[in-house]
Amino acid sequence: MNGLSTLLIVVGLFLAGGIYSFVKQDMPRSLVVLLSIGSGMCLVAGVMRLGVWS
């Protein structure tokens with residue numbers, strides 16, 4: 001299922017770009033933290049589904 005892994009990684013990178021944009025616009029810190037957690041979870045899940053370490 002590499003399609004789902006790719007989708008998770010793309011969504012994670014999209015959220016990471018949103019974090020940068022929100023920090024530049026002085027958005028609330030809680031929103032930036034929430035995006036950071038979501039981005040990290042998507043990226044980790046996508047990489048783990050690829051089975052890079054196994």
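Select S5 first: S5 is buried, because its relative accessible area is 0% (buried means under 20% relative accessible area, exposed over 50%, partly exposed in between, with a 1.4 Å probe and protein chains only). You are looking at a predicted model, in which local features need pLDDT of at least 70, side-chain atom pairs count only at pLDDT 80 or more, and totals for chains, interfaces and linings use all residues. Residues are numbered from 1 along each chain as its sequence is written, and side-chain values use heavy atoms, with hydrogens and water left out.

**Stop 1: around S5**

Stay on S5, which is found in helix α1. Helices are DSSP runs of H or I with at least four residues, numbered from the N terminus. Now show the partners of S5. Leaving aside neighbours within four places in sequence, S5 is in contact with G46, R49 and L50. Contact means heavy atoms within 4.5 Å.

**Stop 2: helix α1**

Select residues 2-24, which make up α1. At 1.5 Å a residue, the 23 residues of α1 should span 33 Å, and the end C-alpha atoms are 34 Å apart, which agrees. The expected span of a helix is 1.5 Å times one less than its number of residues. Colour S5, G12, L15, G18 and I19: these residues of α1 are buried. What do the buried residues of α1 pack against? They pack against α2.

**Stop 3: L15**

Next, pick L15, also in helix α1. Not counting residues up to four places away in sequence, L15 touches L35, G38 and S39. Draw a distance from L15 to G38. Their C-alpha atoms are separated by 7.3 Å, although the two residues are 23 residues apart along the chain.

**Stop 4: the surface of α1**

Go to V11, in helix α1. V11 counts as partly exposed because its relative accessibility is 33%. With V11, they form a nonpolar patch on the surface, with about 230 Å² of accessible area together. Accessible areas come from the Shrake-Rupley method with a 1.4 Å probe; for residues, only the protein chains shown count as cover. Patches are made of residues with over 30% relative accessible area and no salt bridge; like charges are joined within 9 Å, nonpolar side chains (Val, Leu, Ile, Met, Phe, Trp, Tyr) within 5 Å. A salt bridge is a side-chain nitrogen of Lys or Arg within 4 Å of a carboxyl oxygen of Asp or Glu.

**Stop 5: the loop**

Move on to D26, in the loop between α1 and α2. D26 has a positive phi of about 55° although it is not a glycine. Is D26 buried or exposed? D26 counts as exposed because its relative accessibility is 69%.

**Stop 6: helix α2**

Select residues 29-50 for α2: its 22 residues should span 32 Å at 1.5 Å a residue, and its end C-alpha atoms are 32 Å apart, which agrees. Colour V32, L35, S39, C42 and G46, which are buried in α2. They cover an arc of only 100° around the axis, which puts them on the same side of α2. The arc is that of the directions from the helix axis to the C-beta atoms. What covers the buried residues of α2 includes α1. Turn to the other side of α2, where R29, S30, L34, M41 and M48 are exposed.

**Stop 7: I37 and the end of α2**

Pick I37, found in helix α2. I37 is partly exposed, with a relative accessible area of 48%. The C-alpha atoms of I37 and G12 are separated by 9.7 Å, with the two residues 25 residues apart along the chain. Finish at G51. Just after α2, G51 takes a positive phi of about 75°.

Methods: Helix = DSSP H or I, 4+ residues; strand = E, 2+ residues; numbered from the N terminus.
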